[in-house]
Amino acid sequence: MSGNRVAVVGAGMTKFVRRAQETAKELAWEATHLALESCDMTLDDIDAVIIGTAPDAFDAVHMKSEYLSDGCGGWGKPVIRGYVGGGTGVFAPIQGWYHVASGLFDTVLVVCEEKMSSCQPHPQGAFLTIFDHTTERPLEPNLLWIFALEMNAYMNRYGLDKRDIATVAVKNKRNAADHPAALLGDANITLEDILNTEVLAWPVQRGDVSPVTDGAVALVMSAEHVARRVTNKPVWVEGVGWTLDTAYWTNRDLSYPVYVEEAARMAYKMAGITEPRQQIHIAEPYDPFDYKELHHLEGLMLFDKGEAPRAAADGVTQRDGDLPVCPSGGLLGVGNPIAAAGLMKVAEIFWQLRGEAGARQVPGSPKRGLAQAWGDLMQVGTVIVMGV
Amino acid sequence: MKEYVYDSVYLRSKDFEEGNVLFETWDPNARYAWDAGVAIGRYLQGLKAGQLIGRHCPECDRVLIPPRMFCETCFRPTDRWVELEDTGAIITFSRCYVTWDMIRITDPQIPAVIEIDGASPGMGIMHMLSEVDPDEVQIGMRVQAVWKPAAERIGAITDIAYFKPL
């Protein structure tokens with residue numbers, strides 16, 4: 001591991017809701033002050049602030065992180081915004097890590113906020129600019145197309161059907177029933193419930209998709225000498241990785257996320273992980289769509305290519321399975337406020353490794369976990385490995 | 001961790017319809033004119049002439065579509081234009097029953113990624129399929145561009161009206 005040791009020492013979040021009355025700043029403040037309270041710190045203990053928030057166009061606010069900064073405790077401090085689209089929620093704590101690992105700062109706040117509900121009639125309107133303005137947008141694309149095209153390519157490559165994939169949505173929505181911040185938790189949902197939802201862009205059905213959500217999450221990250229003083233349960237950052245694939249998405253192999261594999265290799269190398277299937281005890285891969293959890297588990301090399309669906313069907317990824325995956329309930333269950341959703345996953349690993357996940361706690365005292373997110377032009381992978 | 005979750009106030013549609021909450025709206029008037037650039041400019045000229053055009057990388061020997069003046073893999077200038085076929089094979093497709101703002105449509109749109117003949121393997125472009133039963137579309141199916149009449153072509157990706165099965 002390069003650099004000084006860095007631990008996550010505190011976390012807080014807001015409930016994820018379809019539309020929050022609170023403004024973006026108010027949501028950010030609620031999450032931030034709870035994160036500070038969780039480790040008995042005040043803003044005076046904070047040396048720098050990292051803010052993660054996705055497109056300015058969601059809020060139609062120029063320099064959205066600067067607008068948010070007072071809710072994030074940023075006034076009078078060094079502040080930076082990292083923005084890698086959907087990958088932001090895992091990239092922000094990576095930035096937090098190198099702020100501290102470099103020796104420049106002792107303690108930083110990492111705050112991710114998203115308020116998707118302001119964009120009318122649908123936040124997709126702000127997302128459509130992901131398509132090339134000259135070669136694609138004249139075809140009047142729908143954002144769902146990218147996911148539907150990728151999901152179909154994945155299903156076709158490995159001969160999967162919808163039942164193989166919808167088990168992920170069932171698992172995550174059930175897991176989310178135990179998450180106090182969840183928007184779509186449902187302890188009784190069944191495979192048939194998911195398979196019977198309306199078709200949006202085949203093979204994507206309503207039940208395969210995470211919801212439009214508002215919410216915020218905050219972490220406190222500290223250097224070792226501070227971490228040991230403020231908590232007896234620091235959760236160490238052991239490895240980080242991120243990488244981009246080509247922006248020409250129609251030229252990529254849509255059935256395999258090579259950008260996730262490359263990010264994972266970087267993080268595993270830093271963490272000294274040579275056998276991820278033995279050494280990773282709990283995983284929070286990015287699941288904005290159910291097939292993406294499976295896709296990403298394969299990219300993370302936790303399952304062979306095309307094998308994650310079978311493992312999911314066999315219960316391996318259940319909370320009490322051999323490799324608990326998205327015990328939080330993930331984006332499909334807790335909700336998907338873009339940047340905040342990724343940081344929620346990192347917070348879940350923090351709580352799980354400390355044994356503080358309550359009804360969601362996975363058995364067997366996991367010692368090492370990872371969180372991963374995906375975004376940009378659908379071609380960034382961001383991975384963080386944490387351990388106790 | 002429950003004590004570190006703030007209970008956000010969940011607003012419903014009726015809160016807005018019934019005037020229970022105060023809010024402000026904005027309808028931006030933002031217009032853009034994008035320069036096509038060197039590679040895509042030539043691509044659009046080709047489309048106007050009823051021809052798909054790619055670009056060759058001398059380093060990795062790939063023929064790239066959409067064309068580009070540099071290869072992002074080799075980070076070298078590409079060296080020549082390559083006239084491609086207007087036929088290809090479906091890499092992946094969808095049947096879409098909603099508009100971007102989630103209004104349902106009856107006849108599905110069929111977007112697809114189509115690997116273009118004459119370009120390197122895996123070199124696809126996004127376009128639409130038509131003149132086909134949506135339930136009959138298969139990955140690997142051979143398709144051909146249906147061009148708009150020459151007089152109606154303007155130098156845009158929509159000069160190809162859609163692709164149809166061969």
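Which element gives the most to the lining of the second largest pocket? Here are some friendly notes on that and a few related points.

1. Ground rules. This is a predicted model, where local features need pLDDT of at least 70 and side-chain atom pairs count only at pLDDT 80 or more, while totals for chains, interfaces and linings use all residues. Residues are numbered from 1 along each chain as its sequence is written, chains are lettered from A and ligands numbered from 1 in the order in which they are written, and side-chain values use heavy atoms, with hydrogens and water left out.

2. The second largest pocket. H5(A) gives the most to its lining, with 3 residues (helices are DSSP runs of H or I with at least four residues, strands are E runs with at least two, numbered from the N terminus). A pocket here is an open set of points on a 1 Å grid over the protein atoms alone, where a 1.4 Å probe fits, with protein on both sides within 12 Å along at least five of seven lines; lining residues have an atom within 4 Å of a point. The volume is about 870 Å³, taken as the space filled by probe spheres set on the points, which are joined across faces, edges and corners. Of the 41 lining residues, Met116(A), Val209(A), Ser210(A), Phe289(A) and Asn336(A) are the closest to the centre.

3. The largest pocket. Its volume is about 1400 Å³. Among its 35 lining residues, those closest to the centre are Ala57(A), Phe58(A), Ala60(A), Cys119(A) and Trp26(B). H2(A) gives the most to this lining, with 3 residues. By class, the lining has 22 nonpolar, 7 polar and 6 charged residues (nonpolar: Ala, Val, Leu, Ile, Met, Phe, Trp, Tyr, Cys and Pro; charged: Asp, Glu, Lys and Arg; polar: the others, Gly among them).

4. A helix pair. H4(A), residues 88–101, and H15(A), residues 338–353, pack at about 60 degrees with axes 6 Å apart (axes are lines fitted to C-alpha atoms over the stretch in contact, and angles run from 0 to 180 degrees between N-to-C directions). The two helices are therefore oblique to each other (under 35 degrees is roughly parallel, over 145 roughly antiparallel, 65 to 115 roughly perpendicular, the rest oblique).

5. The chain interface. In all, 58 residues of chain A are in contact with 49 of chain B (contact means heavy atoms within 4.5 Å). The buried area is about 4800 Å², with 67% from carbon and sulfur atoms (accessible area, 1.4 Å probe, that two parts lose on being put together, summed over both).
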